[in-house]
Amino acid sequence: MELYELGLAGALSLIKEKKASAREVLDSVFTRIRNVDGRVKAYVSLTEELAYKMAENAAGPIAGLPVAIKDNMCTKGVRTTCSSKILENFTPPYESTVTERLFKAGCSLPGKTNLDEFAMGSSTENSAFFTTKNPWDLERIPGGSSGGSAAAVAAGECLAALGSDTGGSIRQPASLCGVVGLKPTYGRVSRYGLVAFASSLDQIGPITKTVEDAAIIMNIISGHDPLDSTSAPIPVPDFTAVLGKDIKGLKVGIPKEYFVEGMDKEVEKSVRDAIAHLENLGAVPVEVGLPHTPYAVADYYILATSEASSNLARFDGVKYGFRAEGKDLMEMYMETKARGFGAEVKRRIMLGTYALSSGYYEAYYGKGQKVRTLIKRDFEEAFKKVDVIATPTSPTPAFKIGEKTADPLQMYLSDIFTISINLAGIPAISIPCGFTSGGLPIGLQIIGKHFDEETILKAAHAYEQSTNWHTMRPAL
Amino acid sequence: MSANGKYETVIGLEVHAQLLTDSKIFCGCSTKFGADPNTQTCPVCTGMPGSLPVLNRKAVEFAIKTGLAMDCEISLFSRFARKNYFYPDLPKGYQISQYELPICERGHLDIKTSEGTKRIGITRIHMEEDAGKNIHEGAGPYSLVDLNRAGVPLMEIVSDPDLRSPEEASEYMRRLRTILRYIGVCDGNMEQGSLRCDANVSVRPRGQRELGVKVELKNMNSFRFVEKALEYEITRQTKAIEDGEKIIQETRLWDSAAGVTLSMRTKEEAHDYRYFPEPDLVPISVEKNWIEEIRKGLPELPGQKIERFIKEYQLPEYDSELLASEKPLAEWFEEAVKLGGNPKAASNWIMGELMRLLNEEGLSIEEKPAVKPAMLVEMIGLIENGTISGKIAKTVFEEMYKTGKQAKIVIEEKGLVQIADAGSLAPVIDEILARNPKEVERYKAGDEKLIGFFVGQVMRATKGKANPALLNELLKKKLS
């Protein structure tokens, strides 16, 4: 086994046993990057020199180990682009809270990973720079928007990564790349320094090779941050403490609304098999209803775009980033935005601006908020009966590059199973649960109660440890 | 007053008051005025991507304090909203403000009018952040932006449309300013922009129930301009109605140089601010205990002070109002009374000489710490015991004011002690009478008004030091 194939826990135990050093891990990872990133294209920026410098004096629980960061989290002194032309040359003079916490824990930064521009998309095809390839099939998308992070983890170009998830952007690419992705409860992890897409939905989380690694990263990045008022002042447990505990009697909700017509048959079979496997481990499947599920995608695209239209207003050419010339202020604004933003970002800004306009606000945003409450209540009701809910993460495996770019609605449906979770603000994890006959990974989503990441980690770990999907590596 | 008796004016004011917090409303940057451009900024107040606002508790406290001083209902649950518009001085492309759930609602403020006390309703008070400032200087085709002011906490105080004349509007502004300064939430400096005022004004035929079409006036940065702009606008609207024209709902700017209001934008051109709840901040929930704590910390308010001065010191309403108009002045007065000064005498000296001298220098009483209440009290005592005359006292007071020296020392140095013994005064009187035989004759023939002439002459000869009562007495005796 090559060192780059290791996860955090794996590398830490080798280092502890003095069978390898953090430096050797770093060497292996950068060699791997040199060998495969030309084809995978996971990284927007590589920071090799910085990574070695950071590793030199690193101390802490993950000292010297490379964790890749999605390029929408600000890193002080390191270019942060959001894969957008408008921020192509933006170097933040401040550190986001998650990276500060990771760096304090000793992590070393190998580079910043590609995403759909401003995290808007499900394939990385909306990156202003290039499309990241799925390491399992280079003709396919890695999912998105954290496609760069998921592909980097799957391809062994880092030990772990951070992604951000507004409607599925951690879980869907994790599922499509055959790795683990956790979206924490809204408020569990600070958003300070995360370039906002939809503030009430965005949440940062780990993309890793194993459930244990996800727990390790959660231990580092979770907890209240005085710089983010929406981060919850709730105590953070040791997320690794629940790993290895059995799941006997764990009630697993199966929502009928998530097993629908038109779903990929192989995906459905793998997920049903996974649920049966959980049952074998002692879990008790319980059918639950989430009746407002059909409204989730529409609701999300009202609320998320409304917030986005306001969040992206600051990119106006005045203070930082790209500025187009214009004969007056208005023309400068219009040209900067017209040339600085890509088509999908513009589409969402227009949608959101419309939804918030006077005369339409109540019909769209106002109604959207009410529907959001109903979706939240669906989960509250379901969680009165069950401990976790299990569903597919994505309705299909990774699709071909270009397959859905002409039809934004089809693209939006990639997140049909993940979006409700963001609207409800609850945590969910995607873990590998099989492969299609064509060798593409399939993901199982396990959804938990508010601030109960422990239970989904426990269930995910029990499943993972009794299967070997997570040991599979793409041939590159 | 309206420009024409047939019409009634309806005015509502929106006052923006800059809060006297040390740091900005959503970050830790300083709010100090006058620093070099962009030196008091950080990722939050410059709208850097990924930065997030964190609410300054002090700003909330100040807004609640203001609400309590105006008998508002304090909302236990309120929240911020985003007001979206593009302007280079607005770094995020939206202003964080309060919209549907402001921190304070339904209060009132009493003003004095020619017809007595009038209660003006306060619709709401809400918190928001200030924008930066565009600077247009230098030769280039560009303007510059200074973001030092971006994020400075503001409070917007919206009145009900209860004001009926420019005088009432400016009286309301003065009262409001006094209260804000009393409770220490705003310095009330209109020139520096820490107190700003927009007005909604409309005119309707007297007796008509529904309001006329309103015009919003902006850019009135002094009490005088508020009055002038409203006067101009009322005349303009009245004339338009008389001429059968329609008033257009619009925003107009006061041009103080030209003395006119000019259209800035019409309703059709008005911004759609696309307000929605600010997702980066959690709603504000205020504990009742905290409100009570703030209420307990409120000082005596101007209205209460005026009442008390009238009752406790038997001062006329005019004196009480004037003394209470500034808290430090009221405190200065009360200190003088506490030290034994006669209240009315102290009030007279403060309203007369002290205010005159302060106004000449353009200073307020706090800016003149060398002049102490004890000095006035001592001087009043010296008048009362006859050491100096009231007239001489004016000279003494001015000297005290300028040098900070005690009355006694001034009197000694300048030799201003009153001549109050007949032995010293008699020779002077004799000499004056001897020098003016014609006037003595006329007096004796019955022209008794001439007594004033003799007093004047003696006073001049003694440099005003003659005791007036003694002088009168001696003169009458010698002339009889």
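B:Arg204 and B:Glu8 form a salt bridge, with 3.0 Å between the closest N and O atoms. This pair joins distant parts of the chain, since B:Arg204 lies in strand 11 (residues 195–205) of chain B and B:Glu8 in strand 1 (residues 7–18) of chain B, 196 residues apart. The model is a predicted one. Over all chains, a search of the whole structure gives 57 salt bridges, while the count between chain A and chain B is one. The points below cover the interface, the cavities and a pocket.

**Interface: extent**

- Chain A brings 38 residues to the contact, and chain B brings 31 residues.
- About 2,800 Å² is buried between chain A and chain B, and carbon and sulfur atoms account for 59% of that area.
- On the chain A side, the residues that lose the most area to chain B are A:Ser229, A:Ser310 and A:Arg314, which together make up 21% of what that side buries.

**Interface: polar links and make-up**

- The salt bridge between the chains pairs A:Arg191 with B:Asp280, and their closest N and O atoms are 3.0 Å apart.
- There are 16 residue pairs in polar contact across the interface of chain A and chain B, counting pairs with both residues at pLDDT 80 or more.
- Three elements of chain A each give two or more residues to the side that touches chain B: helix 9 (296–311), helix 10 (329–340) and helix 11 (343–356).
- Of the elements of chain A, helix 9 gives the most to this side, with five residues.
- By class, the side of chain A that touches chain B has 19 nonpolar, 12 polar and seven charged residues.

**Cavities**

- Six cavities of 30 Å³ or more are found in the structure.
- The largest cavity has a volume of about 140 Å³.
- Its lining consists of 18 residues, and those nearest the centre of the largest cavity are B:Val44, B:Cys45, B:Lys92, B:Ile96 and B:Glu129.
- The lining of the largest cavity divides into 11 nonpolar, two polar and five charged residues.
- The second largest cavity has a volume of about 90 Å³.
- Residues from chain A and from chain B line the second largest cavity: A:Arg191, A:Leu194, A:Val195, A:Ala196, A:Asn311, A:Arg314 and A:Phe315 on one side of the list, and B:Gly50, B:Ser51, B:Leu52, B:Tyr94 and B:Asp280 on the other.
- Among these lining residues are A:Arg191 and B:Asp280, the partners in the salt bridge between the chains.
- A:Arg314 is also in the lining of the second largest cavity, and is one of the residues of chain A that lose the most area to chain B.
- The lining of the second largest cavity has six nonpolar, three polar and three charged residues.

**Second largest pocket**

- The second largest pocket holds about 880 Å³ of space.
- It is lined by 25 residues, and B:Arg177, B:Thr178, B:Arg181, B:Ser325 and B:Glu326 lie nearest the centre of the second largest pocket.
- Helix 2 (166–182), helix 5 (302–313), helix 6 (317–324) and helix 8 (343–361) of chain B each give at least two residues to this lining.
- Helix 2 of chain B supplies the largest share of the lining of the second largest pocket, six residues.
- The lining of the second largest pocket is made up of 11 nonpolar, five polar and nine charged residues.

How values were computed: Residues numbered from 1 in each chain as written. Chains lettered and ligands numbered in written order. Predicted model: local features only at pLDDT ≥ 70, side-chain atom pairs only at ≥ 80, totals over all residues. Heavy atoms only, no water. Contact = heavy atoms within 4.5 Å. Buried area = accessible area lost by both parts, 1.4 Å probe. Salt bridge = Lys/Arg side-chain N within 4 Å of Asp/Glu carboxyl O. Polar contact = N/O pair within 3.5 Å; in protein donor to acceptor, adjacent residues only side chain to side chain. Helix = DSSP H or I, 4+ residues; strand = E, 2+ residues; numbered from the N terminus. Nonpolar A, V, L, I, M, F, W, Y, C, P; charged D, E, K, R; others polar. 1 Å grid on protein atoms, 1.4 Å probe; cavity = no way out; pocket = protein on both sides within 12 Å on 5 of 7 lines; lining within 4 Å. Points joined across faces, edges and corners; volume = space filled by probe spheres on them.
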